[in-house]
Amino acid sequence: FNTLKMSIYIKIVKYDMKKKIILIGAGGHTISTINLVNSTKEFKIVGIIDNLAKGKILGYPIIGSDKDLKDLYKKKAIKYCSIGVGQIKNYKTRFKLYQRIKNIGYIIPKIIANTAVVAKDTFIGEGTNIFNNVLINSKVNIGSNCILNSGSIIEHDSKIGNNCHISTGVIINGKVNIGDNTFIGSGSVLRNNINIGNNCIIGMGKVVKKNIPKNKILK
């Protein structure tokens with residue numbers, strides 16, 4: 001090889017070494033997820049799964065519906081899958097998708113934006129997506145299948161359960177414990193040393209100063 005051919009060859013090899021991944025969902029959150037996945041330089045998006053949409057999203061084709069997930073895993077050897085569905089209204093849709101693709105055998109990677117700042121001793125479960133400019137301080141534990149949206153701050157010693165959605169600009173102060181399946185709306189602030197129960201919804205811009213029991217909705 002001459003120098004030019006070698007350079008092209010190296011670029012092709014690096015491209016092919018990326019892990020093939022599909023995304024589920026064709027809504028607005030999928031657009032954010034596409035940009036998140038691409039920012040890591042680790043994955044190659046081969047297509048999007050959606051039951052209703054057709055065409056392309058940001059240049060990536062809709063390659064099938066939920067019924068095609070098994071074939072894509074077995075016949076096309078696509079082993080990685082990420083969920084591009086948010087959970088503003090209800091956690092159950094995203095949770096059911098997570099269970100389904102996990103049962104098929106897909107690897108559901110945690111994906112962390114290259115602009116996020118995450119302490120080295122943070123634990124992050126599988127399938128959790130951490131978006132741009134998120135700050136996670138020391139000794140934080142985050143469960144599986146969560147969304148930490150752009151600009152959110154999670155302070156030291158806090159714990160976030162499984163299937164939670166922490167929306168844009170949320171501030172969670174130190175030693176806060178958030179239960180499973182909980183949604184925290186944009187711009188909310190949670191005081192330190194409080195507990196939020198399972199299945200809660202905290203609306204946009206709330207200032208939470210005391211414990212919230214499970215199944216509570218703060219509009």
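A residue is called buried when its relative accessible area is under 20%, exposed when that area is over 50%, and partly exposed in between, using a 1.4 Å probe and protein chains only. By that scale, Asp71 is partly exposed at 38% relative accessibility. The structure is a predicted model, in which local features need pLDDT of at least 70 and side-chain atom pairs count only at pLDDT 80 or more, while totals for chains, interfaces and linings use all residues. Residues are numbered from 1 along each chain as its sequence is written, and side-chain values use heavy atoms, with hydrogens and water left out. Helices (H or I, at least four residues) and strands (E, at least two) are DSSP runs, numbered from the N terminus.

**Strands and sheets**

- Two strands pair if DSSP finds at least two bridges between them; strand β1 (residues 19–24) and β5 run parallel and are joined by four bridges.
- Within this pairing, Ile22 has Cys81 of β5 as its bridge partner.
- In a regular strand the side chains alternate between the two faces of the sheet.
- Strand β5 (residues 80–83) points Tyr80 and Ser82 one way and Cys81 and Ile83 the other way, and all are buried.
- An open sheet is formed by five strands with parallel pairing, in the order β8-β11-β14-β17-β20.
- At its edges stand β8 (123–124) and β20 (195–196), each of which pairs on one side only.
- Two bridges pair β8 with strand β11 (residues 141–142) in the parallel sense, and Phe123 stands opposite Asn141 in β11.

**Salt bridges**

- Four salt bridges are found in a search of the whole structure, each being a side-chain nitrogen of Lys or Arg within 4 Å of a carboxyl oxygen of Asp or Glu.
- One of them joins the side chains of Lys19 and Glu42, at 2.7 Å from N to O.
- This pair links distant parts of the chain, since Lys19 is in strand β1 and Glu42 is in the loop between α2 (28–40) and β2 (43–49), 23 residues apart.
- Lys19 is partly exposed at 31% relative accessibility, and Glu42 is also partly exposed, with a relative accessible area of 35%.
- Another salt bridge is formed by Arg100 and Asp66, whose closest N and O atoms are 3.7 Å apart.
- Here too the pair links distant parts of the chain: Arg100 belongs to helix α4 (residues 92–104) and Asp66 to the loop between β4 (60–64) and α3 (69–74), 34 residues apart.
- Arg100 is partly exposed at 39% relative accessibility, whereas Asp66 is buried, with a relative accessible area of 16%.
- Lys75 and Asp71 also form a salt bridge, with 3.9 Å between the closest N and O atoms.
- Lys75 is exposed, with a relative accessible area of 67%, whereas Asp71 is partly exposed at 38%.

**Helix α2 and His29**

- The buried residues of α2 are His29, Thr30, Thr33, Ile34, Leu36, Val37 and Ser39.
- An α-helix has 3.6 residues a turn, so residues three or four places apart point the same way.
- His29 lies in helix α2 and is buried, with a relative accessible area of 15%.
- Not counting residues up to four places away in sequence, His29 touches Gly84, Val85, Gly86, Phe131, Ile147 and Asn149, where contact means heavy atoms within 4.5 Å.

**Backbone with positive phi**

- Most residues other than glycine have a negative phi, and most peptide bonds are trans.
- Asn133 has a positive phi near 65° although it is a residue other than glycine.
- Asn133 sits in the loop between β9 (129–130) and β10 (135–136) and is exposed, at 55% relative accessibility.
- Lys175, which is not a glycine, has a positive phi of about 60°.
- The position of Lys175 is in the loop between β16 (171–172) and β17 (177–178), and Lys175 is partly exposed at 48% relative accessibility.
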